Every structure is written in structure tokens, then in C-alpha cells.
Amino acid sequence: MSDRSERYEVLLSGSGGQGIILAGVIVAEAGIAHDLKVVQTASYGPESRGGASHSEVILSGTDIDYPAVTKPDFVIALTQEAADKFAHLARPRGNVLLDTTWVEKLPQNIQANMASFPLTEEASNRFGKPLVANIIALGYFAEHNPLLGADELLQAIIRRVPSHYRELNEHAFAYGRELADQA
Amino acid sequence: MSGTKGRTLLLQGNEACAMGAIYAGCRFFGGYPITPSTEIAEHFARKLPTVGGVFIQMEDEIASISSIIGSSLAGVKAMTATSGPGFSLMQENLGLATVLETPIVIVNIMRSGASTGHPTGTGQGDLMQSRWGTHSDHPVVALAPATAQEMFDLTVKAFNIAEKLRVPVILLPEAVVGHIREAVYIPAEGEMEVIDRERPGSYENFLFFKRDTNGVAHPPDLGAGFRPHYTGLTHDESGFFTAVPDRVNAFTVGLNSKMELHREYLTDYCEETVEDADVLLISFGVTARACAHVTRDLRKRGVKAGCFRPRIVWPFPEERLNRIAQHAHTFIVPELNLGQMRLVVQRVVGPEKRVVGINRVDGAMLTLERMQKEVEEVLA
Amino acid sequence: MPTEPFVKKYLRQRVLPTIWCGGCGLGTVMRVIVEALDDLKIDQNNLVVVSGIGCSSRMAGYLDANTVHTTHGRALPVATGIKLAHPELEVVVIMGDGDGTAIGGNHLIHASRRNINLNVFLLNNGNYGMTSGQVSPMTPHEWHASTCPFGNLEHAFHLCDMVKSAGATYIARTTTFHYMQAVRLAKEVLEHKGFAFLEIYFQCPTYFGRFNEMTDAPAMLQWLKKNAVRYDPEKPRELEKGQFYVGKLWEDNTKDEYTDLYCKLCGRAQEMMQVAD
Ligand SMILES: Cc1ncc(C[n+]2csc(CCOP(=O)(O)OP(=O)(O)O)c2C)c(N)n1
Ligand code: SF4
Ligand SMILES: [Mg+2]
């Protein structure tokens, strides 16, 4: 695409039940709070009930004409299938984040910056909730995207998760940011 | 979109549509579940009871459209939502609503393919059906939203047109628009115009179906004290059946005159850099969003391109297209069908002009890449 | 037709005479309905009559009320929309047997199931009168019609039983021969709260009669008289071939009516909203 600064594409993928769609909605809502134009789409139907699932978010300073991801700047893949299908789409110098709990075979010849952590395992061990792997991923994302800061993302998370899980999610998010520092 | 009192939310197109309907005063939804429209019904099922409105899941789409006609006849704004297979079943009483001059809104979230087709695929194959699906000559208004915001705005507009002209209005989004999530500005009450049908306080000689100077008849609500008769048979100004040739003629001509008399009101399009364009990209809905992108790319490369997107697809904005067509020599019509709008464009711009389609019918959107490539081929 | 004041009051004089054939039972049926409306002092301005398509359904045009002559088979779902939008309206539905059991059969069972407060008159002449006497789902087995000149292979619905299993809460049958009974049952229908269903057998001498060796209205009325058996729930009896029960067949006042239930649901939903706020 010709004008990169105007359009930033995120592709989140995994399997149904991993909170992929929710993570996409959070990114999109953080974008709105930051006065960006956003488009969020998701695979749905049988797919959202357990099979492969993915969610796309486009963030832009100007109106978004074409509403689908063309060359994602940031790919998050939480399963092997998702990694195989989507990691190679990432733009050179973009980012790929993989969950090695499920991605055993790392994709080859990826030109983007690839990072991998056992997100689900860490979510289980540290927080007792494998489900917050998506929030850890968002913490990582917060440190590696040029548009949305950690505060905006955290506020969007707080607005979306049930209040009694707020603290848990805050910790998961903070841990994701730490991982980014390590990387 | 700098509203002071409204609010901006991340909404799915289908949710925005239901919220637009409620904003416009819709207080009755009768429907039958079908992908990819179901979120609309589900939203209404949660919300309508809280605002004193009626939600009912009917036994099929024939019953669904029938129920909303009943509601509207009784004076309560009503809507249904469906997809191709259900829209096919609704054609019968789409005609009834037309001749009863009953305002209703039908949302047809377009999937892909004929018959049951590809339920989760996106498409634009119902353009012609929305125009000619029910039998005989009849007025039709159809709107094609391209964004979640337009799912809200054009739903309000659909109700306004329905109430003002007393016609059924069709909203024709592709599945992608129904499911896309975007920031949607929900205006505060009173911020956006909401039109209610005219309700005359008296009628001369029981002539409930007499047209005013704008070609619109204003038959009374049921139970309002006038005791009108509504029939799907050809009828005269009294509302009763007539077989007198002049009156039968006046019935059909009168109904259809609404479109002609309100042509300006029913013209709604978006365009970019059309005035000096040699090449025009013409499309509707989400597909047209990609056209805007391609147009800008072409301009950057020095090609005098423009794009044109009707938001009201029926009646088709012929006058405007005709005007901008004078200059252009090539017309590219991308759509998710095998060339339904291309036919209209060719007819409007004339047989001498070069009109080429870019078509995709596999259930997916036209990708930018593919569109760019095919446009290149056309221009080569 | 005699012109008692009530007939004048409830009919639109300006559109009479009717289109019906001489000897047709629909005039009698209309008089039954009008007399019941008048006896119960039903306010015409608050009365909505919804019909489908067919000779029977033409009645809507003659009644001086708010009237809606819809499409073939669709009277019930249109009436459902009207009733739900304005439950205070008195809604009468008039359908033919083809209208209500063939093309509109699905709507009939579902409207029954909802137990919505509609007053339904299904006018059964055993065939499609309007289109010149074709077979209908209510044409008896082995009888004749223009599209079964060698006899009807199919069987008629046990319509009242069907509507009962579907959930209607008032069901009755009568004929144009049983005028007084018909008026009484029509009034019960109007007074019942819930889905009330009255099947009225009426003579169509022009087609059904002619195809089945009953050449005029009196012959058909004789046939109706001969085969009607008064229903007494205390003394059920075996019906012989061709016989049918007349009278009130079923009433259930234990089931809540749909618009009432919906109204309560709105109350609950609004309370929940307030709690949530
Ligand atoms: C969709 C449709 N199909 C067919 C017809 C033609 N049609 C008109 S009336 C009728 C049957 C009427 O029979 P019934 O409902 O028993 O009423 P009757 O005339 O016997 O009172 C038919 C088939 C129609 N109007 N609409
Ligand atoms: S065709 Fe039969 S039902 Fe119709 S008006 Fe004539 S007699 Fe009556
Ligand atoms: Mg009949």
C-alpha cells in the first residue's frame, strides 16, 4: 500500500475461545479513544465456535476506504494453524507474535520481527487463567505498535472485561509489556 | 461527525442498523433468523421491550413481512431483516406494502450465491431482485450502506423515506457491512431528522387514497376513526377495488409517479474527482470503498480517474451519472455479482461508451490487489 | 338480504351489492357476523377486519370497519402485527378454507400456538370458489372438484382438531344452516380472550355443489343439516361417514393470552434495565 503512515493493520488469530475477537475489539476501541479511524472484522459462524478464528483491525488517521487487512503490520498467532496461515503475511519490518504453547513449529522465512513466548502457559502459571493469553499479547502489542499507547489499551481492556477480573487483566497486560522489554 | 451530545461507539454494522431503526422510531420488529442478518433480530429482541416496542419471531419470512405491514397499518413504525432466501419469500408482500402505501423497512443483508448459496459469504447479487423481485410495475427505494456508520444513518434515512413517500424501503448491505465493526456516531435525540408520516385530520368523501400534489397518498392508520379499506387489488382513490380501465391505469401510474416526483429527494451518492475524469469507477456498498482507494492511486500516477457510489441504488441516480459520463470514456463497474449494476450503467451512459465489469462471486470481497490488477488490465 | 338496522350499520352501503353468486352462503355468514358484532355493541372504529384472498375474504370490503384485504393466506400474520402493535383493537380475521389451510396453513397453526387474541372465522365451502372450484385441503376424500374430476385422492384436515393441537383456546364449528347457533358461537368467539376459531361450513352451489350433485343452495343446506351432529362433551358419539360435529368443541381459559404476556415481558425488561442503570 502506498501510504503506510496512514494505515496500520493488525491481524489476530487463534482458535475459538481464545479471546481473539475480544482482543480485536479492544484494539479497535482503544483506537477510537485515540481519535483514529478503525475497522474491525472477524471470521464468524462455525469458526467462532471453536475452530480457527481471526480478527482484523485497521487503524488509520484518515478514513479507511478498503476495509480488509492487505499486508498486516502486526500479526498475533496463538495456534499452529494460525501461525502457518498468517505469520508469513506480515509486512517486512512488521511484527509477528507467536504463542509457543501451541506453536511448536516456528514458521520459516518470515521477514518481520518475530517474537515467541509460551503465552498460554505463562497465563496459566502466573495468573491461573490460560484465557488471559490474549491480554498478555496485547501488553506486548502495546510496546511494539506506533499508534496506541499502553494507557489507551489498558483503558480499553478495563472497559471490556468484567470488573471482578480487572486486576487480573491489569497484571496480565503488565506482564505482556515486560515480555516486550525482554525481547 | 462533531456531535456534542451524541456518542461514538464501536458497533457492528448490524447493531448500528438496529440502533438506527430505534432512533428513527421503529417500535416493531417481526423476523425469522437467517445468517448474516441475525444480530439485528437479536438486538431488537433485547432492546424493543425496554422501549415499549414489539419484537416477534414469526414462523417464516412471509409472516415476518406480513406482521410488519400489520404494525405499520396500525401506525407503528416497523421493520424486518433477512438475507436472500428470506428476501425471496418476502417479495409477495413487498408488493402488498407498495400498493397499500404502507411504510416499512426491509433489510436484506446480502450473502453470496443463488438459493441457499453461501450463507457466510458476502455478495451483491440481489441488486436486481430488490428492483424487480415482486411482480408488475412498482416503485422501489433501495439504499446500499458501505460503512457501519451508514448502517445507522441510512436506516434512519430509510424510515424517513418510507414515512414521507409511503413506500417500502429496502436496505441492501453486503454481509461484510453487516458484520464490520467501526466507530459509529449515535446522534443525540433530535440531532438527526426523523420524519413521521402525515396523518390528515380529515378526508374529503372518504377518498383515503387520493394523492396530494406530491403524488403521495396518506391513508389513515387503522383504529384512528376513519374506517378505511385497504386492499391489494387495484383500487381507486376510495381504496376500493376498481376494474375501470382509466382507474386501473391511474392506480399503477400514480404509484410509480412517486419515484419521478421525488427524484431529487431520492438521489443520494458519493463521488470523488469525477468532473474531469476519463475513467470512472462505479460501484456500491463496501465494494465501492475499494474503488475510492484505487481511484486515489490512479490519480497519483496521473490517470484522470474518478469514482461514483450511489447510496440510494434504486431509483438509480441516472441524471448525475449521465452528466459526469459526458467526459469519461471508460467505466469500470466492480461488483460482487456477474454484472448487475454494469447493465444499468451501460444503459445510462449509452452503448458507445466502454463499460467493463470487475466481478467476483466466490463469497469474498473484491481485494484491493485484484481490483488494482484488473483495473490495470482494463486501462492497458 | 333483509335490512335490519344492524345490517345497515355494519355494512358499507356504498359498495354493495356483493360480488357473490346467487344462493351463496357467504351472505348468511356475513349476517351472522354482523349480528354478533351488533349484539356485543362492538365499536366499529375500534374494529379491524383482516382477510386473505378468495370469495370469503371479500367480506372485509363490505364490513364498515377498519378493513384490510391482504394477500392469499396472509391474513393471520398481518392481523398478528396489527394486534401486537395495538392490543386494544378488536381484530377479526376472515379466511377461506384454501386461504387458511393451504397457502396459509402454516400461519394458522402458528397463530393458534401463540394464543394471540384474534377472532378467526374460517369460512369453509370445501373448495376454491374464487378460482372456480378447484380442490382444497378441505375437500372431502373422493369428492369432486375441477382439478380432481375423477375424485379427490387426498383427505381433508381434521381442522378443528388440528387447530386444537396447535394451541387455540376456543374452537367451534357451525354451518349456514344453523343460523342461531352460528350467531351464538360468533359472539363466544368475539368474547373469548385468546385465539378463538370458528369454522363455518357454507354452501357454494356454483362450484362445490355443482361438482358434487347438489345443484342448488337448498340442496346444499339440506346436506349440511343432515350431516351436522350437535357436539355434547358429556356424550361423545361415533360419527358416521360424512357427519361432522357442530357447536362449541373446545375452550381453555387457563392459558395466558399472547399480547398480555408480551406486555408483562416489557414490564420485566424495563425493570431489569432500571436495575442495571
Ligand atoms: C399467491 C396466490 N396464489 C393463487 C391465487 C389465486 N387464488 C385466489 S383465491 C384462491 C382460492 C380461494 O379459495 P378459498 O380460500 O377456499 O376461498 P373461497 O373463494 O372458496 O371463499 C386462489 C387459489 C392468489 N390470489 N394468490
Ligand atoms: S363461487 Fe361459490 S363461494 Fe364464491 S361466491 Fe360463488 S357460490 Fe359463493
Ligand atoms: Mg373455499
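Which side chain meets that of B:D268 in a salt bridge, and at what N to O distance?

A: B:K157 is the partner, and the N to O distance is 2.8 Å. A salt bridge here puts a side-chain nitrogen of Lys or Arg within 4 Å of a carboxyl oxygen of Asp or Glu. Over all chains, the search finds 45 salt bridges.

Some ground rules. This is a predicted model, where local features need pLDDT of at least 70 and side-chain atom pairs need pLDDT 80 or more, while totals for chains, interfaces and linings use all residues. Residues are numbered from 1 along each chain as its sequence is written, chains are lettered from A and ligands numbered from 1 in the order written, and side-chain values use heavy atoms, without hydrogens or water. Helices (H or I, at least four residues) and strands (E, at least two) are DSSP runs, numbered from the N terminus.

Move on to the sheet that contains β10(B). It is open and has five strands, in the order β10-β12-β11-β14-β15 of chain B. The pairing is mixed; two strands pair if DSSP finds at least two bridges between them. Its edges are β10 (269–272) and β15 (354–359) of chain B, each pairing on one side only. From one strand to the next, the twist averages 20°. Strands of a sheet pair through backbone hydrogen bonds, parallel or antiparallel. Within this sheet, β11 (residues 279–282) and β12 (residues 305–310) of chain B run parallel, joined by four bridges. B:L280 faces B:G306 of β12(B) there.

A helix covers part of the sheet. Helix α11 (residues 340–349) of chain B lies across β11, β12, β14 (330–335) and β15 of chain B. Its direction is about 155° to that of β14(B). Axes are lines fitted to C-alpha atoms, for helices over the stretch in contact, and angles run from 0 to 180 degrees between N-to-C directions.

Now the neighbours of chain B. Two pairs of chains touch, and chains B and C make the most contacts. Contact means heavy atoms within 4.5 Å. In this pair, 40 residues of chain B contact 39 residues of chain C. The two chains bury about 3,200 Å² between them, 61% of it on carbon and sulfur atoms. B:E59, B:R227 and B:F240 lose the most area on the chain B side, together 21% of what that side buries. Buried area is the accessible area (1.4 Å probe) that two parts lose on being put together, summed over both.

Three salt bridges cross from chain B to chain C. One of them joins C:R74 to B:E92, with the closest N and O atoms 2.7 Å apart. On the chain B side, β3 (54–57), α3 (61–73), α4 (84–100) and β9 (229–231) each supply at least two residues. α3(B) gives the largest share, seven residues. By class, this side has 21 nonpolar, 14 polar and five charged residues. (A polar contact is a pair of N or O atoms within 3.5 Å; within protein, one must be able to donate a hydrogen and the other to accept it, and residues adjacent in sequence count only if both atoms are side-chain atoms.) (Ala, Val, Leu, Ile, Met, Phe, Trp, Tyr, Cys and Pro count as nonpolar, Asp, Glu, Lys and Arg as charged, and the others, Gly among them, as polar.)

β9(B) and β2 (residues 66–69) of chain C run parallel, joined by three bridges. B:T231 has C:H69 as its bridge partner.

Chain A also contacts chain B. Here 18 residues of chain A meet 24 residues of chain B. About 1,700 Å² is buried between them, 61% of it on carbon and sulfur atoms. One salt bridge spans this interface. It joins A:D65 to B:R296 at 2.7 Å, N to O. β2(A) and β8 (residues 181–186) of chain B pair antiparallel over two bridges. A:V39 is partnered by B:E182 in β8(B). Chains A and C do not touch, and their nearest C-alpha atoms are 14 Å apart.
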